[in-house]
Amino acid sequence: MKIIDAFGMQCPKPLVLAKKEIDAGCRELSVQVDNETAVKNLTRLGGKTGLAVSVDEIEGGWLVSFAEGDGSAAPAPAPEAAPVAAGASCAAGGGCGYAVFVGKDHVGAGDGELGYNLMKMALYTLSESDDVPASLLFMNAGVKLVAGGEQQVVDSVRALAEKGTEVLVCGTCLDFYGCKDQLAVGEVSNMYDILGRMQEAAKVITL
């Protein structure tokens with residue numbers, strides 16, 4: 001069995017290293033990691049590739065092991081495609097719908113309070129639209145909007161999710177800001193999947 005020592009590596013590097021081995025045909029693999037975000041992302045990778053996953057605590061972290069077994073999905077050579085939200089259209093180049101990237105908790109570079117209020121209005125306006133994004137992607141300080149943020153913001157994002165928008169939230173960013181346990185809506189994700197959603201979209205809007 002191949003063992004990858006990913007101690008000290010932040011996601012998505014452990015995920016990328018594991019996926020590279022699996023894509024090359026490796027069906028028995030263990031990855032040593034020292035953060036819970038990597039454990040969660042690697043476990044999700046097992047479901048996407050159809051491999052059974054086990055997690056054991058070891059000194060300094062966890063050992064995530066992949067093996068042939070009863071996985072939850074058939075093998076997939078690329079990140080799982082995002083569900084297309086209601087009303088989303090596909091471009092001639094192959095991209096479907098649009099993605100919205102939120103990398104901070106305010107809009108623009110002027111007054112902070114004004115920028116925050118503009119962000120709240122932007123998310124509310126999106127939630128009331130018939131043309132909702134296929135993906136809503138939160139990174140850096142943007143994660144604070146859905147983890148410890150105002151209820152109005154959470155309600156807007158939740159309304160989008162109920163309309164079919166996939167909401168992905170950077171796990172490394174949640175760890176950095178210490179607010180993962182306050183996440184109110186969305187799925188803890190990683191750079192690999194978030195960039196994948198941006199690549200799949202017909203266009204990306206950055207707030």
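Is Cys26 buried or exposed? Cys26 is buried, at 17% relative accessibility. Buried here is under 20% relative accessible area, exposed is over 50%, and partly exposed lies in between, using a 1.4 Å probe and protein chains only.

Before I go on, the basis. This is a predicted model, where local features need pLDDT of at least 70 and side-chain atom pairs count only at pLDDT 80 or more, while totals for chains, interfaces and linings use all residues. Residues are numbered from 1 along each chain as its sequence is written, and side-chain values use heavy atoms, with hydrogens and water left out.

Now the disulfide. A disulfide is a covalent bond between the sulfur atoms of two cysteines. The rule applied to this model is a pair of cysteine sulfur atoms within 2.5 Å, and it gives a count of one. The bond joins Cys170 and Cys173, at 2.5 Å from S to S. The torsion about that S-S bond is about 75°, so the disulfide is right-handed. Cys170 is buried, with 5% relative accessible area, and Cys173 is buried too, with 10%.

What about Cys179? Its closest cysteine sulfur is in Cys173, 9.1 Å away, which is too far for a bond. Cys179 is buried, at 5% relative accessibility.

Last item, the backbone at Asn140. Asn140 is not a glycine, yet its phi is positive, about 50°. Asn140 sits in the loop between β6 (135-138) and α4 (151-162); these elements are DSSP runs numbered from the N terminus, helices being H or I of at least four residues and strands E of at least two. With 43% relative accessibility, Asn140 is partly exposed.
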